[in-house]
Amino acid sequence: MLSWMAWTWPTALVFIGIFSAIGVLIALEIRHPGGDERKGVLGLTTTRGDRLFISLLGTSYIFLAWLGLIGMPLWGPLVLSIGWGFFCFRKV
């Protein structure tokens, strides 16, 4: 199924997760319009989509820094990234 490109199942799962998160945000926006604006991580007024973008961008930097400084295994940056995501969405 994934032979048309040099994809692996973990890579496919990451993209499925990102597209699922976008789908959840679309459903939330339909159900509760307005974007749920509040003061975000960087002191900016952000919406749910902004916070998702900031958390995904931060996650990529966490993984790249971990790979550059420490290397494998990647369980450490996974835990840090999950914590970063919670911080981005729960920060008031």
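Start at E37, in the loop between α1 (9–31) and β1 (38–39). Helices (H or I, at least four residues) and strands (E, at least two) are DSSP runs, numbered from the N terminus. This is a predicted model, in which local features need pLDDT of at least 70, side-chain atom pairs count only at pLDDT 80 or more, and totals for chains, interfaces and linings use all residues. Residues are numbered from 1 along each chain as its sequence is written, and side-chain values use heavy atoms, with hydrogens and water left out.

**Stop 1: around E37**

Keep E37 selected. E37 counts as exposed because its relative accessibility is 55% (exposed is over 50%, buried under 20%, partly exposed in between; 1.4 Å probe, protein chains only). Now show T45, T46 and T47. E37 touches these three, leaving aside residues up to four places away in sequence (contact means heavy atoms within 4.5 Å). E37 and D50 are 13 residues apart in sequence, and their C-alpha atoms are 9.5 Å apart in space.

**Stop 2: α1 against α2**

Select α1 and α2. Their axes lie 10 Å apart, at an angle of about 165 degrees. Axes are lines fitted to C-alpha atoms, for helices over the stretch in contact, and angles run from 0 to 180 degrees between N-to-C directions. The two helices α1 and α2 are therefore roughly antiparallel (over 145 degrees; under 35 is roughly parallel, 65 to 115 roughly perpendicular, the rest oblique). Show side chains next. On α1, pick I18, A21, I22, L25, L28 and E29; they meet R48, G49, L52 and L56 of α2. Seven residues in this contact of α1 with α2 are nonpolar, one is polar and two are charged.

**Stop 3: α2 against α3**

Move on to α2 (residues 48–69) and α3 (residues 75–90). Their axes come within 9 Å and cross at roughly 160 degrees. Helices α2 and α3 are therefore roughly antiparallel to each other. Which α2 residues meet α3? Among them are L52, I54, I62, F63 and W66. Partners in α3 include P77, L78, W84, C88 and F89.

**Stop 4: the annotated spans**

Select 6–28: the end C-alpha atoms lie 34 Å apart, and the span is 87% helix and 0% strand. Then select 49–66. Here the end C-alpha atoms are 26 Å apart, and the span is 100% helix and 0% strand.

Key
Nonpolar A, V, L, I, M, F, W, Y, C, P; charged D, E, K, R; others polar.
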